[in-house]
Amino acid sequence: MLQPARLHFRDFSPADLFVVAHAMGDARLTAFYGLETEHSDARAIAQEQLDWYASVASEGSGWWQAVLLDGAVIAAVGLYDHDDEADSADLGYWLLPDHWGHGWMDQALRQWLPSAFARLGLHSVVAYVEPENAASSRLLARLGFCHEGLLRDCSKRDGQYISLQRYSLLVSELSAL
């Protein structure tokens, strides 16, 4: 169920290291996050993530923001791998497990996506979801993303091939959010 509009957004800062480390150290959250790192320490992973968020923004290849509930960071939403030719980018997000099941990510994406499309001048946003991540697939379907199909064994994680479902949302479909 959607909550009253209590969510706010801001760019990440170095002060967010602790909360990002908390997120990156939680196996429930990172199980489907697609995190690629050589680090095993949550703090080092968090610093790597904060550096990456800043890097994609400075390069113009994406934009990540912290999602705040009553002033506290509970999630991240972002776009990355901006394709200039197709005016498209990949969508990523995470939500601290203590906030799962309350509609916060649904609300966050409904609020944030229109400004993200405008900021990056996008025609479409693409999201890739592992088939086992049913909650994320349901979220994208609720938001009106089109399920385009299954990409079989298209990527590797921990030396194993994984399949990914592909979803997309066009700028013309934003009004349905």
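Tutor: Contact means heavy atoms within 4.5 Å. With neighbours within four places in sequence left aside, Q165 is in contact with A127, Y128, V129, E130, P131, S137, H147, G149 and L150. This is a predicted model, in which local features need pLDDT of at least 70 and side-chain atom pairs count only at pLDDT 80 or more, while totals for chains, interfaces and linings use all residues. Residues are numbered from 1 along each chain as its sequence is written, and side-chain values use heavy atoms, with hydrogens and water left out.

Student: Where does Q165 lie, and how far apart in space are Q165 and Y128?

Tutor: Helices (H or I, at least four residues) and strands (E, at least two) are DSSP runs, numbered from the N terminus. Q165 belongs to strand β7. Between Q165 and Y128 there are 5.5 Å from C-alpha to C-alpha, although the two are 37 residues apart in sequence.

Student: Is Q165 buried or exposed?

Tutor: Buried means under 20% relative accessible area, exposed over 50%, and partly exposed in between (1.4 Å probe, protein chains only). Q165 has a relative accessible area of 13% and is therefore buried. Q49, which lies in helix α3, also counts as buried, at 7% relative accessibility.

Student: How is the packing of helices α1 and α3 described?

Tutor: Axes are lines fitted to C-alpha atoms, for helices over the stretch in contact, and angles run from 0 to 180 degrees between N-to-C directions. Helix α1 (residues 17-24) packs against helix α3 (residues 42-59) at about 115 degrees, their axes being 8 Å apart. Angles under 35 degrees count as roughly parallel, over 145 as roughly antiparallel, 65 to 115 as roughly perpendicular and the rest as oblique. The two helices, α1 and α3, are therefore roughly perpendicular to each other. Residues L17, V20, A21 and M24 of α1 make the contact with A42, R43, I45, A46, Q47, Q49 and L50 of α3.

Student: Where does helix α4 bend?

Tutor: The bend at a residue is the angle between axes fitted to the seven residues ending there and the seven starting there. In α4 the bend is about 35 degrees at W112, and a proline, P114, follows within four residues. The expected span of a helix is 1.5 Å times one less than its number of residues. Helix α4 (residues 104-120) has 17 residues and reaches 24 Å from its first C-alpha to its last, close to the 24 Å expected at 1.5 Å a residue. Its buried residues include W112, L113 and F117.

Student: With which residues is L174 in contact?

Tutor: Apart from neighbours within four places in sequence, L174 is in contact with L113, P114, F117 and L169. L174 lies in the segment after β7 (160-170) and is buried, at a relative accessible area of 15%.
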